[in-house]
Amino acid sequence: MGNKQTTFTEEQLEAFQDCTFFTRKEIQRLHGRYRELAPHLVPLDYTNNPDIRVPLTLIVTMPELKENPFRDRIVETFSEDGHGNLSFNDFVDMFSALCETSPRELKTIYAFRIYDFNRDNFICKEDLKMTLNKLTKGELTPEEVSLVCDKSMEEADLDGDSKLSFSDFENMVSKAPDFLSNFHVRI
Amino acid sequence: MCDLMMMSSSDSNSDSEEEESLSEGEMAQLLEEVEEKKKLIATIRNKPWRMKRRLVDLKEAQEFVDKFEGALGKGKGRKWFAYKVMMKKKWIKFQRDFENFRTACIPWERKIKDVESHFGSSVASYFIFLRWMYGMNLVLFGFTFGLVVIPEVLMGLPYGSIPRKTVPTPDQDTAQDYSVLMDFNGYCKYSVLFYGYYNNQRTIGLLKFRLPLSYLMVGIGTFGYSLMVVIRTMAKNADVGGGDGDEGEFTFAWKMFTSWDYLIGNSETADNKYASITTSFKESIVDEQENQKDENIHLRRFLRVMANFLITCSLGGSGYLIYFVVKRSQEFANRTDLSWYEKNELELIMSLLGLVCPPLFETIAELEDYHPRIALKWQLGRIFALFLGNLYTFLFALFDEVNTKLEQEDSIKNASIWAMKEYYANYTLMLNGTDSPIPPMDPGDVIRGPCWETAVGIEFVKLTVSDIQVSYLTILIGDFARAVIVRFLNYCWCWDLEAGFPSYGEFDISGNVLGLVFNQGMIWMGAFYAPGLVGINVLRLLSSMYYQCWAVMATNVPHERVFKASKSNNFYMGLLLLILFLSLLPVVFTIMTLPPSFDCGPFSGKVKMFDVIMETIDLDLPAFLGTLFSYAANPGLIIPAVLLMVLAIYYLNSVSEAYQHANMELKKKMQMTRDEEKNRRNNTDSTNQVMKDLEDLLPNRSLMPPAPPPQPVKKPEPEAKPTKTRPGTAGKGVNLQRDVTLASPNPNARGPVSRPPGPRGHGPPPGAGPGRGRGRGRGAPPR
């Protein structure tokens with residue numbers, strides 16, 4: 001198109017296009033969105049790969065994420081330090097994994113990591129309880145909560161160790177009709 | 001790009017001494033590695049790695065490929081190889097640029113995103129479908145406009161030059177009236193919008209453009225293109241479907257992990273969603289605890305039969321009503337003093353039926369008491385039957401009309417031929433043998449045939465237009481007026497209008513999608529007789545997008561409960577495909593069997609419409625193609641081809657059945673193994689009777705003291721867990737890993753740490769050892 005943009009070099013843009021599901025324009029737009037979260041922090045010129053991270057508290061104010069009950073977990077999952085501070089690479093990675101063209105397998109892996117609150121690579125009872133409480137905003141009684149968690153565990157746990165490994169989770173989610181259309185963020 | 005050539009050639013220069021040292025095997029290995037790296041580059045975005053790692057790996061892989069790909073081509077083919085590589089790179093870059101351009105061209109991204117964040121993914125799926133339809137119609141419009149309308153306008157004869165292009169003299173003073181134009185008579189009827197305008201000259205203009213052939217090809221090509229596009233989209237959606245899980249298999253798990261819609265960005269919608277999820281959980285809990293109430297099954301069956309009977313009656317009634325109205329409109333055609341209602345009665349009735357019957361079906365369906373998802377399916381099926389029945393009744397009635405017109409035409413044709421013969425006879429008589437020119441008659445005065453194709457085209461255009469009007473009015477009154485009343489009357493009304501009776505409307509997804517699908521069916525049917533219809537549809541879809549987006553944001557509230565009709569979008573695509581075939585039938589039938597009008601349209605004068613193709617083959621194509629086609633059309637060739645296709649279908653069907661069977665068997669096997677694992681872990685007893693009997697034969701366990709040996713075997717298991725799942729970080733667990741693999745071949749064998757082995761009875765006695773081993777052995781095969 002001929003517009004001189006100085007945010008990224010050509011190689012960087014090509015590399016991003018290879019590594020994500022985005023086109024050039026979308027990547028530049030993403031940079032704009034990233035920058036507007038913290039304009040004093042994020043430089044306009046990314047050609048020398050500055051190591052800047054935007055904190056969690058600013059990322060979850062984005063309109064795409066602010067109503068999501070799992071926003072903290074999502075941002076933590078994609079952050080390198082595990083505390084939710086995203087560099088631009090992580091930021092792009094997050095939206096690429098959650099976009100419409102991202103394949104089912106990739107989304108399943110990230111969904112598993114998001115719902116695994118204690119990060120032990122299993123979804124245990126506690127993780128289920130936390131998920132449920134976030135989903136219902138504490139409207140269910142404790143008996144109902146534990147009943148639902150027990151039933152979910154029973155349904156999905158194939159090897160009977162009362163926690164869900166990735167293969168259990170994947171087996172359950174792959175058959176879900178709504179998973180792909182619901183687990184999708186448009187940016 | 002030139003750098004690459006330089007590099008590869010310099011590399012190959014330096015490598016030329018080493019070339020002899022690169023053996024075949026090494027070449028093959030190098031080739032394999034390069035292929036692997038290329039594959040990695042292509043799929044790197046699908047890997048669940050951190051972006052940094054991806055970037056680093058990508059760079060490495062690209063450098064590797066660049067370095068060694070040049071070295072692979074050697075000998076004479078080197079330059080050609082390097083050239084091939086460069087072309088491939090250019091091609092990939094071109095594809096990427098094209099993709100970028102295409103994505104930038106997609107309209108209405110912002111609008112759809114707004115709708116998504118306010119209403120969730122299901123409502124937005126309607127707008128995405130609408131956008132897709134708009135794209136398809138735009139392409140069809142391009143074909144029709146570019147290959148049929150523009151040539152006729154630019155290179156054909158202008159308006160008023162020949163009879164078919166001129167308004168008949170008696171009608172000329174009313175031809176510009178608004179009411180006449182609204183009926184698509186007058187100037188509208190004798191314009192490029194309709195079939196009758198087109199001239200039947202074999203070639204027109206300097207370019208010798210074959211208009212009749214192009215008309216026929218565009219008509220067929222419309223269906224071909226639509227078919228291709230629909231099937232391609234269905235295939236793309238098919239792998240999104242998610243397999244064949246049973247309805248109730250994972251109810252709670254699915255609700256837990258897949259119910260939140262990540263597209264929601266509006267706090268009100270989010271609150272709504274929280275409430276609906278909570279309600280859904282509570283309902284499932286109640287269902288779980290209650291275990292189907294034992295209802296009066298006879299009453300339920302009776303009610304269902306009665307409901308179906310009522311609905312069949314109403315379907316039949318609506319079909320008869322349409323037939324009756326069409327017959328009446330035929331009578332009206334002979335009168336001239338018609339009120340507005342009588343002129344548009346047919347279209348109004350059809351649109352009103354489409355408006356009134358679906359809610360009627362819904363109320364009758366309350367008798368049936370089905371689960372909402374099943375009720376939705378029944379509802380959609382019934383609406384489908386309603387629309388289909390109406391459309392086909394309309395078509396049959398139209399067909400009757402066409403037949404009467406054909407008879408009329410015969411008489412007029414004979415009359416006009418007779419008149420021409422008389423004129424020529426008189427002329428030669430008067431002027432003694434000179435060549436008689438064409439009778440000098442004003443084109444407006446010539447006797448016209450009834451031109452049934454244009455009449456059919458007019459009917460379809462009127463139907464589409466009235467459909468548009470009714471749907472826009474419905475939105476205006478049903479949604480907008482309702483919202484205004486609820487909002488403003490609420491201040492002075494006794495009960496809360498917003499929460500209580502009328503409240504704000506919800507967006508009817510399935511009704512709107514079906515409406516869109518049927519509208520498209522009508523366009524497909526009518527496009528052959530009215531080339532302008534596709535243009536009208538494009539305008540309609542464009543305005544619909546803006547209008548409905550505004551209406552949904554301004555007057556609708558998010559759904560309380562959402563039930564999707566099917567597991568994937570393919571349900572509606574399947575409907576579209578069905579409608580495509582059903583609209584193809586009448587058009588193909590008329591092309592093949594009905595004779596075209598003798599004085600209007602591009603096929604006038606021919607016996608059958610497809611004679612144009614025969615003519616082209618005879619006159620334009622080389623002779624051998626003609627003989628080739630005549631052989632291909634031979635029944636002796638076609639019948640075996642059809643038989644072959646039938647056999648192929650049968651074979652593929654039986655193969656797929658065999659696969660399904662094998663699939664079921666494997667599933668059962670997996671389920672059985674898992675059940676065994678569970679039982680082995682949770683109880684002492686196996687549910688498998690054979691295993692139970694065998695275990696009973698073992699010596700009595702309670703007589704044996706619990707021995708320590710199992711402890712070291714059990715303890716490593718929990719600690720080995722982290723190492724098992726992160727193979728790369730086998731720090732502490734290295735020594736234990738071997739023990740664990742020996743002791744428990746089953747990777748998921750993690751016993752509950754909290755429970756001591758003793759009470760479980762698994763343990764210590766040597767007698768149990770072989771049993772355990774057997775259990776372990778049993779555990780091994782599933783891996």
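Trainee: How much area do chain A and chain B bury between them?

Mentor: About 7000 Å², 56% of it on carbon and sulfur atoms. Buried area is the accessible area (1.4 Å probe) that two parts lose on being put together, summed over both. This is a predicted model: local features need pLDDT of at least 70, side-chain atom pairs count only at pLDDT 80 or more, and totals for chains, interfaces and linings use all residues. Residues are numbered from 1 along each chain as written, chains are lettered from A and ligands numbered from 1 in written order, and side-chain values use heavy atoms, without hydrogens and water.

Trainee: How many residues are in contact?

Mentor: 83 of chain A with 70 of chain B, where contact means heavy atoms within 4.5 Å.

Trainee: And how many salt bridges between the chains?

Mentor: Eight, each a side-chain nitrogen of Lys or Arg within 4 Å of a carboxyl oxygen of Asp or Glu. One of them joins A:Glu14 and B:Arg96, at 3.1 Å, N to O.

Trainee: Switching to helices. At what angle do H9 of chain A and H9 of chain B pack?

Mentor: About 95 degrees, with the axes 10 Å apart. Axes are lines fitted to C-alpha atoms, for helices over the stretch in contact, and angles run from 0 to 180 degrees between N-to-C directions. Helices are DSSP runs (H or I, at least four residues), numbered from the N terminus. So H9(A) is roughly perpendicular to H9(B), a label for 65 to 115 degrees.

Trainee: Which residues make that contact?

Mentor: A:Phe169, A:Met172 and A:Val173 meet B:Ala253, B:Trp254, B:Phe257 and B:Thr258.

Terms used. Helix = DSSP H or I, 4+ residues; strand = E, 2+ residues; numbered from the N terminus. Parallel < 35°, antiparallel > 145°, perpendicular 65-115°, else oblique.
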